[in-house]
Amino acid sequence: MNEISGQRHSAERGPDAIALKDVSFGYDPENPVLQGISLRIPQGQWVALVGESGSGKSTLVKLLNALLPKSAGEIAVCGEVLSEASIPSIRRKIGMVFQNPDNQFVGETVEEDMLFGLEGLCLSREEMDRRLQLYSGKLGVSGLLSKHPGELSGGQKQRVAIASILAMEPGVVMFDEASSMLDEESRNGLLGILRDMHAEGYTILMITHDADEIMAAQRVLALSGGGLAGDMTPAELFRSPELMEACRLRAPYA
Ligand code: ADP
Ligand code: MG
């Protein structure tokens, strides 16, 4: 049994956080973007998803969150198979942070933004306040709750986006190139946040081209030509010039 697939421990850990069985998808039937993808990500694993631009990384995470029409094959999140009926339940288990923090800001203030995601969860006012304080504190934005998005830096907005997602307490969080618009300090801050989340048991799926972010993950999945071209550790990826080239990645510290 392959250690990296995490299957060895899955019996003790419960269902895989993410499981894809023979998943295929195309925006039009003539041009499949993903073809026959099968993979399993156990709960608590930190995975980097890499691949050259246009290889289907964003498409894959959007399928997981049911942001696209149904794909062929089967997708399951924490043991629940994705279907029309299970979409609301699956969206509560899986949070998504996008590349551009401006596009995910839905409130007039940071507080409104954080509360927006909580409103559909049928929580008491006390529980909403508890989460607001807890997650704004964790992400270092509790001093910004009354601020308008226009008053925030890019790094602050991205931290608010993450705080809003974490406040919903999903078990799985996906990041789609979430650090590509951040400066170096904010990028390092994001890595620190991810390390804390990993220590707390979150499952993390992170689309990235950044060598430091890839190195920080436990496992790398590489997409190429519509399929899974690699499933390995970060060190193995950086030892494979062919895969690095196929994914248009630069070696760390180069
Ligand atoms: P990546 O995130 O790896 O850069 P994407 O998943 O965004 O790749 O895109 C994969 C392929 O699907 C690309 O060829 C892209 O042009 C195409 N594509 C992405 N979004 C759409 C869309 N909304 N409509 C049609 N084609 C799309
Ligand atoms: Mg993308």
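Helices H5 and H6 are oblique to each other, because their axes cross at roughly 135°; angles under 35 degrees count as roughly parallel, over 145 as roughly antiparallel, 65 to 115 as roughly perpendicular and the rest as oblique. The axes of H5 and H6 come within 9 Å, where an axis is a line fitted to C-alpha atoms, for helices over the stretch in contact, and angles run from 0 to 180 degrees between N-to-C directions. Helices (H or I, at least four residues) and strands (E, at least two) are DSSP runs, numbered from the N terminus. The crossing of H5 and H6 is right-handed; a crossing is right-handed if the near helix is turned clockwise from the far one by less than a right angle, and left-handed if anticlockwise. Arg 131, Leu 132, Tyr 135 and Ser 136 of H5 make the contact with Ala 163, Leu 166 and Ala 167 of H6, two residues being in contact if their C-beta atoms, placed from the backbone, lie within 7 Å. By class, five of these residues are nonpolar, one is polar and one is charged. Here Ala, Val, Leu, Ile, Met, Phe, Trp, Tyr, Cys and Pro count as nonpolar, Asp, Glu, Lys and Arg as charged, and the others, Gly among them, as polar.

This is a predicted model, in which local features need pLDDT of at least 70 and side-chain atom pairs count only at pLDDT 80 or more, while totals for chains, interfaces and linings use all residues. Residues are numbered from 1 along each chain as its sequence is written, and chains are lettered from A and ligands numbered from 1 in the order in which they are written.

Helix H4 (residues 110-119) packs against both of these partners. With helix H5 (residues 125-138), the angle is about 125° and the axes are 10 Å apart, which makes H4 oblique to H5. Their crossing is right-handed. Glu 111, Met 114, Leu 115 and Leu 118 in H4 meet Met 128, Arg 131, Leu 132 and Ser 136 in H5; this contact has five nonpolar, one polar and two charged residues.

With helix H6 (residues 154-167), H4 packs at about 30°, with the axes 8 Å apart. H4 and H6 are therefore roughly parallel to each other, and their crossing, too, is right-handed. On the H4 side, Val 110, Asp 113, Met 114, Gly 117 and Leu 118 take part, and on the H6 side Val 160, Ala 163, Ser 164 and Ala 167.

The residues around ligand 1 are Tyr 27, Val 33, Gly 51, Ser 53, Gly 54, Ser 55, Gly 56, Lys 57, Ser 58 and Thr 59, a residue being near if its C-beta atom, placed from the backbone, lies within 6 Å. This shell divides into two nonpolar, seven polar and one charged. Helix H2 (residues 57-64) gives the most, with three residues.

Overall, the protein has 10 helices and 10 strands.
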